[in-house]
Amino acid sequence: MIALIQRVLEAAVTVDGRTVGAIGPGLLALVCAERGDTEASADKLLAKLLGYRVFSDEAGKMNRSVSNLDGNGAAGGLLLVSQFTLAADTNSGTRPSFTPAASPAHGKRLFDHFVAQARERHPIVETGEFGAHMRVSLVNDGPVTFWLQSRPEHAGSA
């Protein structure tokens with residue numbers, strides 16, 4: 001699975017003119033399931049996302065995660081948005097191929113699992129709407145953007 005995360009001061013998703021998810025300071029995560037991904041790869045990616053230290057401490061160093069945004073245990077928001085285009089193969093030609101992306105049914109199942117697990121582990125979780133044409137607005141903080149990926153483990157791999 002893939003997550004493109006952006007540190008934000010605020011972010012929101014609208015569908016057909018209605019806001020379906022919005023957060024204040026925290027992380028906007030564009031999330032994509034690839035062929036072969038499993039719940040285990042989703043869980044691994046979520047653990048990395050929740051623990052990834054991209055927020056500044058008192059010394060200005062990136063030492064805080066979204067789970068401890070202010071250093072006193074206050075969590076930041078998570079806005080999770082499905083985006084299958086992150087799996088695009090752009091190695092040849094001028095049109096992306098989406099062969100690496102999970103099927104819509106598999107992608108939705110894994111995204112729903114990712115969101116459910118996030119809600120169990122984090123107090124502020126908002127989402128977009130899977131499969132909808134969404135408008136995502138954000139105020140980047142930095143900007144600070146990272147690509148996180150977890151690959152499914154295959155039999156025989158170390």
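Predicted model: local features only at pLDDT ≥ 70, side-chain atom pairs only at ≥ 80, totals over all residues.
**View 1. The largest pocket and the residues that line it.**
This pocket has a volume of about 290 Å³, and 17 residues form its lining, of which Ser 82, Gln 83, Phe 84, Phe 130 and Gly 131 lie nearest the centre. Two elements, strand β3 (26-32) and helix α2 (104-121), each give two or more residues to the lining of the largest pocket, and α2 gives the most, with 3 residues. Sorted by class, the lining is made up of 11 nonpolar and 6 polar residues, with no charged residues.

**View 2. The crossing of helices α1 and α2.**
Two packed helices are described by the angle between their axes and the distance between the axes. Here the axes of α1 (residues 39-51) and α2 come within 10 Å and cross at roughly 45°, which means that α1 is oblique to α2. The crossing in which α1 passes α2 is right-handed.

**View 3. The residues through which α1 and α2 meet.**
From α1, the residues in contact are Glu 39, Ala 42, Asp 43, Leu 45, Leu 46, Ala 47, Leu 49 and Leu 50, and from α2 they are Arg 109, Leu 110, His 113, Phe 114, Gln 117, Ala 118 and Arg 121. Taken by class, the residues of this contact divide into 9 nonpolar, 2 polar and 4 charged.

**View 4. Two details of the backbone, at Asp 16 and at Pro 143.**
Most residues other than glycine have a negative phi, and most peptide bonds are trans. Asp 16, which is found in the loop between β1 (2-15) and β2 (18-23), has a positive phi, near 50°, although this residue is not a glycine. The peptide bond that runs from Gly 142 to Pro 143 is cis, with omega near 0°, and Pro 143 itself belongs to strand β8 (residues 135-149).

Terms used:
Residues numbered from 1 in each chain as written. Heavy atoms only, no water. 1 Å grid on protein atoms, 1.4 Å probe; cavity = no way out; pocket = protein on both sides within 12 Å on 5 of 7 lines; lining within 4 Å. Points joined across faces, edges and corners; volume = space filled by probe spheres on them. Helix = DSSP H or I, 4+ residues; strand = E, 2+ residues; numbered from the N terminus. Nonpolar A, V, L, I, M, F, W, Y, C, P; charged D, E, K, R; others polar. Axes fitted to C-alpha atoms, helices over the stretch in contact; angles between N-to-C directions. Parallel < 35°, antiparallel > 145°, perpendicular 65-115°, else oblique. Left-handed = near helix turned anticlockwise from the far one by under 90°. Contact = heavy atoms within 4.5 Å.
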